[in-house]
Amino acid sequence: MNAICSLFNIKYPIIQGGMIWVSGYKLASAVSNAGGLGLIGAGSMYPEVLREHIQKCKKATSKPFGVNVPMLYPSIEEIMKIIVEEGVEIVFTSAGNPKTWTSYLKENGITVVHVVSSSTFALKAQNAGVDAVVAEGFEAGGHNGREETTTMTLIPMVKEQLSIPVIAAGGIGTGRGMLAAMVLGADGVQVGSRFAASLESSAHSNFKETILSVKEGGTQLTLKELAPVRLIKNKFFEDLQELYGKCPSKEDLIAFLGRARAKRGMFEGDLTDGELEIGQIAGLINEIKSAEDIIIEMLAEFNTAQIEVTEFLF
């Protein structure tokens, strides 16, 4: 049996990214019900809002689901306490040292996965005791690694170093992309941007429609001085680039950003002054579909591509 399917007790090795302002219980439960692993994105939720989403997800699905937790979250202790109290069985951690919370989570019977952007961090995560890693390449949307290593080179490098399962992320939103990642050594894939443009995504309809309009080169990684993030090139992005032309300090960048830019863009639908986080794969997203249809489409394309490759080689 596939290592990721066995680890999470799911049908297909497809994990939905726990994206801020996008991944509420509706999306997580829909993905889980379709045979993948849905994740609630805790990064944009107050503690009690997260509790509510966990409880609603339990009612919406009998299948496994998890919670994604950026460890830079200001209320991290309360978040982790709620996760344990609510009996969440799977947690994906990111944006921090995996040693900080892995032992605590595992002592409470929770399967732990950590998101990394390099083989160095992957080894640290394995040594910290996580059950698997998500190796996320430079193509990914939202916050990203500073190394700028692409998924195609990152996956085999990480796989070569680790003895635990590896989940590929970054630029994967099709069945062919899934097959390519698994040929390179991944045991499963994490899909973010494609699910952001789903019916069940909690993103604003304005943002979903904008995702469909993104073409090749329509996103760019920026704000490396603070926390690297891949954004759609809207007016906010262009204004930010103009500021860079003046050699801004970190303080200048922080002041320009202000508060809640991502919420304004992705959740409230401000396409002008909001922060619109999406991956390079957006250039291949042309339709808003249900999470179930996305998974069905990916699996069909995966199987077709597998046959085509086998026929080509043999």
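Buried means under 20% relative accessible area, exposed over 50%, and partly exposed in between, using a 1.4 Å probe and protein chains only. With a relative accessibility of 68%, Cys247 therefore counts as exposed, whereas Cys57 is buried at 0%. This is a predicted model, in which local features need pLDDT of at least 70, side-chain atom pairs count only at pLDDT 80 or more, and totals for chains, interfaces and linings use all residues. Residues are numbered from 1 along each chain as its sequence is written, and side-chain values use heavy atoms, with hydrogens and water left out.

Staying with the cysteines, the structure holds zero disulfides, a disulfide being a pair of cysteine sulfur atoms within 2.5 Å. Cys57 is in none, and its nearest cysteine sulfur, that of Cys5, is 18 Å away.

Now look at the loop between α13 (261-267) and α14 (291-313), where you will find Lys289; helices here are DSSP runs of H or I with at least four residues, numbered from the N terminus. Is Lys289 buried or exposed? Lys289 is buried, because its relative accessible area is 18%. Beyond its neighbours within four places in sequence, Lys289 is in contact (heavy atoms within 4.5 Å) with residues including Arg194, Leu199, Ile294 and Glu297. The side chains of Lys289 and Glu297 are also joined by a polar contact of 2.3 Å, that is, a pair of N or O atoms within 3.5 Å, one able to donate a hydrogen and the other to accept it.

Conventions: Helix = DSSP H or I, 4+ residues; strand = E, 2+ residues; numbered from the N terminus.
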